[in-house]
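Good morning, everyone. Please look at the structure with me, and we will go through a few of its parts in turn.

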Amino acid sequence: MARVLQPFEFIEAAGVKEAVAALSQPGTRLFAGGCDLVPAIRRGQVRYDTLVSIMKIEGLSEFSSHPKVGVKIGAQVLLSRLVNDIWVGKRWAALHEAVEQLYPPHIRNMGTVVGNLCAAVNYYDVPVSMFAHRAVLTLSDGTTSREVGIDDFYTGGRGTAVGAGEMVTQIDLPPPAADAGSAFKKIYKARRRADDLHKINAAAYVALDEAKEKITDATLVIGCVGDSPLRITAAESALVGQVAGDEAFNSAAEMAVAAVQPMTDAGWVEEIRSDWIRILARDVLAQAASRALSRHDPAEDAHLAY
Ligand SMILES: Cc1cc2nc3c(=O)[nH]c(=O)nc-3n(C[C@H](O)[C@H](O)[C@H](O)COP(=O)(O)OP(=O)(O)OC[C@H]3O[C@@H](n4cnc5c(N)ncnc54)[C@H](O)[C@@H]3O)c2cc1C
């Protein structure tokens, strides 16, 4: 049965300073698209007296993508903005796939990219892809700002590095190497639903040398296995210098399985979850590498002087 929303005051902040200043009042929360907040309030999981919308603040709607410069995503940018962006599709494929597979799709028209990350929900897909692309978040108090890498953004439970009196104003993704590819995949145990906790998601980034044979850089991330996405750093280091192929990817997948043990979730048969991690880790690495192999056409980038 749908519950009735408890009344709250709704403020449309005109600037970052005003928005974060309002947060000093107890029971106040920032509000972007509301996709996370509204259902949580309706279910009675959280209660706020005041919601401060950031959607009218000037300067937070910037979105740009360029293979030699990177991607900039302002705090108001909706998930749907990424779906039809040609460069995100080509060069930041893991992010593109995470957003494209977001279910149900209409959420993309309301939810922001930044809100997806700030919600700090451990089974969301977009954060996993952001780890693969080594995103950097800009946190601002309206006067000064600081940058926090995605590896340091999640602080445990549903905590983030966003301090009291701060908000995230922008996400930046660095440009990928010339011969690099990325991929994102997920598997649900039963239902194809975003709130199905019995799911695994994974993302990878693979860069190759000029001969397109050996791996020069790699990121492997597994989601839904802890409070926040887990980078399989042992596999990442082991992959560097290896020939991009089954042997390297199978061995990295075993490292991923080992890294997420013990499997503590009672709803899971351990072997199934291990199998899924193994399959997804291998698949995202192989897909990322095949994109790196097939992608680079120098003619494609020739006109991209910036
Ligand atoms: C039915 C449904 C299905 C979904 N399916 C998927 C899925 O398949 N995959 C997936 O990855 N996600 C999924 N999501 C999650 C969805 O993408 C997020 O709920 C949405 O992106 C959150 O963005 P928002 O703008 O609505 O955030 P809000 O709900 O407005 O805010 C979310 C949180 O972030 C904080 N916040 C927002 N902006 C800022 C900021 N600039 N600085 C600091 N804190 C901020 C808010 O205070 C709040 O705590 C689903 C959600 C729903 C409701």
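Two strands are said to pair if DSSP finds at least two bridges between them, and the strands themselves, like the helices, are DSSP runs (H or I over at least four residues for helices, E over at least two for strands) numbered from the N terminus. Please keep in mind that this is a predicted model, in which local features need pLDDT of at least 70 and side-chain atom pairs count only at pLDDT 80 or more, while totals for chains, interfaces and linings use all residues. Residues are numbered from 1 along each chain as its sequence is written.

Let us begin with the strands. Strand S4, residues 63-66, pairs in the antiparallel sense with strand S5, residues 70-74, over four bridges, and the two form a hairpin with three residues between them. Within this pairing, Phe63 stands opposite Ile73 in S5. S5 also pairs with strand S10, residues 167-173, again in the antiparallel sense and over four bridges, and there Ile73 stands opposite Ile171.

Now to the helices. A residue is called buried if 20 or more other C-beta atoms, placed from the backbone, lie within 10 Å of its own, exposed if 12 or fewer do, and partly exposed in between. By that rule helix H5, residues 93-100, is mostly covered, with seven of its eight residues buried, among them Leu95 and His96.

Where does Met255 lie? Met255 belongs to helix H9, residues 246-259, and Met255 counts as partly exposed because it has 18 C-beta neighbours inside 10 Å.
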